[in-house]
Number of protein chains: 2
Amino acid sequence: MQLAERVQTVAETLTPAERKLVKEIISKPRDVALGTALELARKMGVHQATAGRLARKLGFETYSDFRDAIRDEFIVKTDPALRVRKTLEISRGQSILDLLIQQEVEALSRLTAYIDESRLNDAAKTISECRRIFIFARGNAETLAVLMDRRLRRMAFETVVISGDSRDIAEQILTMGRQDALILFAFRRQPDAYIPLMEHVRKVGARSIVISGAVGPSLSPQGDHLLSAPRAGKTDAFQTLTVPMAICNGLILSIAQFDEKRSLIQLETLGELIASFDRR
Amino acid sequence: MQLAERVQTVAETLTPAERKLVKEIISKPRDVALGTALELARKMGVHQATAGRLARKLGFETYSDFRDAIRDEFIVKTDPALRVRKTLEISRGQSILDLLIQQEVEALSRLTAYIDESRLNDAAKTISECRRIFIFARGNAETLAVLMDRRLRRMAFETVVISGDSRDIAEQILTMGRQDALILFAFRRQPDAYIPLMEHVRKVGARSIVISGAVGPSLSPQGDHLLSAPRAGKTDAFQTLTVPMAICNGLILSIAQFDEKRSLIQLETLGELIASFDRR
DNA sequence: TTGATTCTGCAATACATATTGCATCCATTA
DNA sequence: TAATGGATGCAATATGTATTGCAGAATCAA
């Protein structure tokens, strides 16, 4: 029986402390497989005894048995070369998920070739200095508009998600001023509203940030900041929002960094910044 | 220093018993990495103490240190995710974007350890057989609700995105019947509406698909299909939707596959399927 | 609020694993 | 063959790790 199944069978009876442990065990089984009950417990801030009791609850005689099971399931015992070959065989033959992930990983790995830190920071700085953020997206990109809207609001920005047809759009951007910014998403092709929108932004003296895919550089007129990188998969085929979402997340973290600096809180490392963000 | 080098430096001074041990260590380092000194010694017919002394001879303080080294060299390295991280660490600095991408790639690489093809297909089959799809998400996951809603609608499914408070929810699910399905997103913690929703689904004989993160297995009551895999980043820190979005995309492609089969169009490869999907 | 119940940490104990001093064995050499 | 010195196993000790009884804390229901 797999670990996840075992957890499911006892899911209803898990206590808060046990839940903490389970979360860690599920997300980092390798660490658990090589560590001790004490290490796991200390890491999650509960007592060693609780870890032992959880093992029993999951249906194992002892904690050691539990660890052995994790090892069986998550530690590669076979020859690595053989394993790689197997994986490739699978992905070449059948698995949708493997194919998808392979493409996503490749595309993500290429991202930093297109967007470097300073570019991201410039855009983040611009946004953090603005009063109001307008967000425009059409098609699948609306997903990202929802994401940015939520994240920005949580950081106490005032946002306006632009929706509807050209008349609606015109009404919504009427109040845009020089202290505002527009975040615009464009993939595949230039949205119909693109030119009038960008011209309006320029006219009122606002700033624009364009987040895009491969078409990014060929958009015209250009915005103040262009954050574009090609997406996973072939053009004109199934393309995902993973790469632009990574750009969005990077942007959010970068903005958070400026916010921290603004409030004179110095953080030692980026790791701390990331850890401090979004905590509940 | 690698194990092989260490052995070479002391090769001249190895005793017969030690030679036996070294042979085993070299040929089955993974077994040694997970076992005890006693196990190794007994297997090769020498005394436990000899194993301990060999460890010291190889330049380690204790047998545990020796085993840790073996683990580093032969177990941790075989984890594809960690290997990627090491590569990225070496080739680049520690910018926000690098850190983010590194985490995303790691998490994505691990995805297939948690969700296999059959699990995905089962869920896809269930959905493709349903008349109407209800979608429930709260917090950041609403982003994914928007994604799924758009994709499913394009595939001519009738969808209902559940919104609002408990009263609204109750009204919206009133018409749910046995031909319907609920896709529910849950991260961090179980949503308040989770239990009543799932109970209603069960009562009316509908199906449920839960897409989740590390908490997935500990949700209760459980749905008919659980698609869960840990997300990138540390628990309780900045966590992204990349992994669950990959699950969604995989699900969509899988559903598309069933649709193709239903309409008697046979595709030679999945690559073609993916290329054919979502083309405009 | 009270009482019952469950959860959880503490600390003592039990168990597993590693280290070390000592005795013996074996091979080598004179 | 006897002497020597390293190699090895034995067993006691030390260290690390897991389990368990107990009591205080938290939770829930009445």
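Reader: Before we look at loops, what counts as a helix or a strand here?
Author: Helices are DSSP runs of H or I with at least four residues, strands are DSSP runs of E with at least two, and both are numbered from the N terminus. Please also keep in mind that this is a predicted model. In those terms, A:Gln179 sits in the loop that runs between helix H11 (166–172) and strand E3 of chain A.

Reader: OK, on to strand E3 of chain A then: how many of its residues are buried?
Author: For this strand, which covers residues 180–186, the count is 7 of the 7 residues, so the strand is largely enclosed by the rest of the structure.

Reader: Which residues sit on each side of E3(A)?
Author: On one side there are A:Asp180, A:Leu182, A:Leu184 and A:Ala186, while A:Ala181, A:Ile183 and A:Phe185 are on the other, and both faces are covered.

Reader: What is the relative accessible area of A:Phe185?
Author: The value for A:Phe185, a residue of strand E3 of chain A, is 2%, and the side chain therefore counts as buried. Its C-alpha atom is 9.9 Å from that of A:Asn140, a residue 45 positions away along the chain.

Reader: Over in chain B, how many residues of strand E1 are buried?
Author: In chain B, strand E1 (residues 132–136) has 5 of its 5 residues buried and is described as mostly covered. B:Arg132, B:Phe134 and B:Phe136 point one way from this strand, whereas B:Ile133 and B:Ile135 point the other way. Strand E2 (residues 158–162) of chain B runs parallel to E1(B), and 5 bridges join the two. B:Ile135 has B:Val161 as its bridge partner in E2(B).

Reader: Changing topic to charges, how many salt bridges does the structure hold?
Author: Over all chains, the structure holds 16 salt bridges. One of them is between A:Lys43 and A:Glu24, with the closest N and O atoms 3.1 Å apart. A:Lys43 belongs to helix H4 (residues 37–43) of chain A and A:Glu24 to helix H2 (residues 16–27) of chain A, so this pair ties together parts that are 19 residues apart in sequence.

Reader: Is A:Glu24 buried or exposed?
Author: A:Glu24 is buried, with a relative accessible area of 3%. It also belongs to a network of salt bridges that links A:Glu24, A:Asp31 and A:Lys43.

Reader: How exposed are the partners A:Lys125 and A:Glu129?
Author: The side chains of these two meet in a salt bridge at 3.4 Å, N to O. A:Lys125 counts as partly exposed at 42% relative accessibility, whereas A:Glu129 is exposed at 56%.

Reader: What does A:Arg150 form a salt bridge with?
Author: Its partner is B:Glu142, and the closest N and O atoms are 3.8 Å apart. A:Arg150 lies in helix H10 (residues 142–154) of chain A and B:Glu142 in helix H10 (residues 142–154) of chain B, so this pair joins two chains. Both ends are partly exposed, A:Arg150 with a relative accessible area of 25% and B:Glu142 with 30%.

Reader: Last one: which residues form the negative surface patch?
Author: The patch is made up of A:Glu39, B:Glu61, B:Asp65, B:Asp68 and B:Asp72. Helix H6 (residues 63–74) of chain B gives the most to it, with 3 residues. B:Glu61, by contrast, is in the loop between helix H5 (48–57) and H6 of chain B, and it counts as exposed at 59% relative accessibility.

Note on methods. Residues are numbered from 1 along each chain as its sequence is written. Chains are lettered from A and ligands numbered from 1 in the order in which they are written. This is a predicted model: local features need pLDDT of at least 70, side-chain atom pairs count only at pLDDT 80 or more; totals for chains, interfaces and linings use all residues. Side-chain values use heavy atoms; hydrogens and water are left out. Patches are made of residues with over 30% relative accessible area and no salt bridge: like charges are joined within 9 Å, nonpolar side chains (Val, Leu, Ile, Met, Phe, Trp, Tyr) within 5 Å. Accessible areas come from the Shrake-Rupley method with a 1.4 Å probe; for residues, only the protein chains shown count as cover. A salt bridge is a side-chain nitrogen of Lys or Arg within 4 Å of a carboxyl oxygen of Asp or Glu. Lys and Arg count as positive and Asp and Glu as negative; His and the chain ends are not counted. The place of a charge is taken as NZ of Lys, CZ of Arg, CG of Asp or CD of Glu. Buried means under 20% relative accessible area, exposed over 50%, partly exposed in between (1.4 Å probe, protein chains only). Two strands pair if DSSP finds at least two bridges between them.
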